[in-house]
Amino acid sequence: MNKEIISSFQKMIDVNTPIIYINDYDFVRVDELIKQVIGKQKVEEWNPATGITDFNNKTTKGNQPLADFLVSKYSIEPIAKLPNSFVVLKEPQDFIDDPTVKTLLALMSQRKLYDPMYECTVIIVSSVLKVPVEIEKYVSFLEINLPDDTEIKRLMDEHIEVNDYDKNKFTDNDREKLMPSLKGMTAFEIDRMLDMAMSSNGSLSADDKEMILRQKKLMVKKSGVLELIDVKERIEDIGGVDILKKYLKRKSAIYAQLHEATKFGVSTPKGVFLVGMPGCGKSLCAKATAAQFGAPLLKMDMGSMMGKYVGESEANLRKALRIAEAAAPCILWVDEIEKAFSGVGGNNDIMTRMFGYFLSWMQEKSSAVYVFATANNADKLPPELKRKGRFDEIFCVNLPNDKERKAIFEVHLRKKNRDTNLVKPDLINATKGFNGADIESVVNEAIEQCFVDNKQDLTTEKLRDVARTTKSISKSCRKQIEDMEKIFKENDFTNASEESKPSQSRY
């Protein structure tokens, strides 16, 4: 067990914490932690399946409702100061909303804090984080960190030894190649992965990496806090933004050789932040990035993180980031991030805490999770999000220039099996101020009209005529675009295009 976790747990006990909450589903690992810290002190466990047991020797002491059990713990009247005793409540989430249970936990907490003769620490171990507001002030959360390199190596060596596999066949190279794919998982999950690898072919080697990554994808689907996006788009499907595309190709080359790159001294890429006009292909860029990196695309919806119980929202965010790390190497797409953290700095304490946790994770993470954040409104971005060290680079996407509009037309015409030579200078001139979505709409509308008009051939004139009747974003959102270009210039964001500067209007 990680020394930092043991130290944190011991400190909570030493400072007289009434209730310690461990949100984890690996009960075997948590039990080992409790035994390691508490030793042979008196510990009683309650769980809804077996009732009361002696934690150390697992002998049953009778089945009893949670409220009755807590009454017996609260009503103890020691005649002298006794050694600290501990109560472990496993999976109590379906019973913790009972008014009697909440009141007893509050009374036990107050008595522990103010009665020097009363020594009873409550340890809640649950796979679900659920803390009623009535007891939140007495609760401290202990987070079980994921296994580090040392522990992962130990788990691999244990599997080699238990399965009586020739140690000489499992080389240091195998170990180093498997290490990145096993990072970000709990010890329980790593054990399962290694068991599957050993049972499938009776050996353990670098060749098992692909199987582990497939299993990671299934873990994401089951989580419920992240969406696994199917990717069909390729980076060639993006018209324009050549600077951004070159940048992503360079980063993908690092990811393809991440182990060798880090040994060479290259830092693990953190991610990219893309700020731009609506309809300019930010979502397409996120999907194409996943294809370029050859990694799964996980989409995080901050709205789905919000919960009704104390600490639930923060726990959901931690869970989502932990799952992303378990799925690494992967792309984590945080869409419209400015909406997610719009309450930061105001009266929304929950969102402020979540924002702080997300920034800390971005700053400190060493896992192969490449964050692709997108935003439409750069004006609402908290300044902390734009500071160097969070993302490797912040790009801005303006309305496409002449060269980019030509490239976008060609992309959409190729998708429809139409001649790209239809893109003439007069068509480019007719679409000044159009974004990518506007251009796609022009192509689709022109082809539809050709079909209705006796399946006529698509012509440059037809495309131009449709463009002239299309209300582009530069007309419908003129003021917003001017404001955004001003913000791009003030923040000195890197332009995603080779040509034009953020301050140059395109309409």
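Biologist: Why are helix 3 and helix 4 called roughly parallel?

Modeller: The axes of helix 3 (residues 66–74) and helix 4 (residues 99–114) cross at roughly 20 degrees and come within 9 Å. Angles under 35 degrees count as roughly parallel, over 145 as roughly antiparallel, 65 to 115 as roughly perpendicular and the rest as oblique. Helix 3 and helix 4 are therefore roughly parallel. Axes here are lines fitted to C-alpha atoms, for helices over the stretch in contact, and angles run from 0 to 180 degrees between N-to-C directions.

Biologist: What kind of model is this, and how are residues numbered?

Modeller: It is a predicted model: local features need pLDDT of at least 70, side-chain atom pairs count only at pLDDT 80 or more, and totals for chains, interfaces and linings use all residues. Residues are numbered from 1 along each chain as its sequence is written, and side-chain values use heavy atoms, with hydrogens and water left out.

Biologist: Which residues of helix 3 and helix 4 meet?

Modeller: Helix 3 brings Leu66, Ala67, Leu70, Val71, Lys73 and Tyr74. They meet Thr100, Val101, Leu104, Leu105, Leu107, Met108 and Arg111 of helix 4; contact means heavy atoms within 4.5 Å. By class there are ten nonpolar, one polar and two charged residues in this contact. Ala, Val, Leu, Ile, Met, Phe, Trp, Tyr, Cys and Pro count as nonpolar, Asp, Glu, Lys and Arg as charged, and the others, Gly among them, as polar.

Biologist: What is the angle between helix 5 and helix 7?

Modeller: Helix 5 (residues 149–162) and helix 7 (residues 187–201) pack at about 35 degrees, and their axes are 10 Å apart. The contact involves, among others, Leu155 of helix 5 and Leu194 of helix 7. Its residues are seven nonpolar, one polar and three charged.

Biologist: What makes strand 4 and strand 7 edge strands?

Modeller: Their sheet is open, with seven strands in the order 4-3-2-5-6-1-7 and mixed pairing. Strand 4 (60–62) and strand 7 each have a single partner strand, so one side of each lacks a neighbour in the sheet. The twist averages 25 degrees from one strand to the next. Helix 3 packs on this sheet, touching strand 2, strand 3 and strand 5 (85–90).

Biologist: How do you know that strand 1 pairs with strand 6?

Modeller: Two strands pair if DSSP finds at least two bridges between them. Strand 1 (residues 19–23) and strand 6 (residues 120–126) have five bridges, in the parallel sense. Isoleucine 19 stands opposite valine 122 of strand 6. Strand 1 also runs parallel to strand 7 (residues 139–142), with four bridges between them. Strand 2 (residues 43–47) and strand 3 (residues 51–54) are antiparallel and joined by four bridges.

Biologist: How many helices and strands does the protein chain have?

Modeller: The protein chain has 20 helices and 14 strands. Helices (H or I, at least four residues) and strands (E, at least two) are DSSP runs, numbered from the N terminus.

Methods:
Buried < 20%, exposed > 50% of the residue type's maximum accessible area, 1.4 Å probe, protein only.
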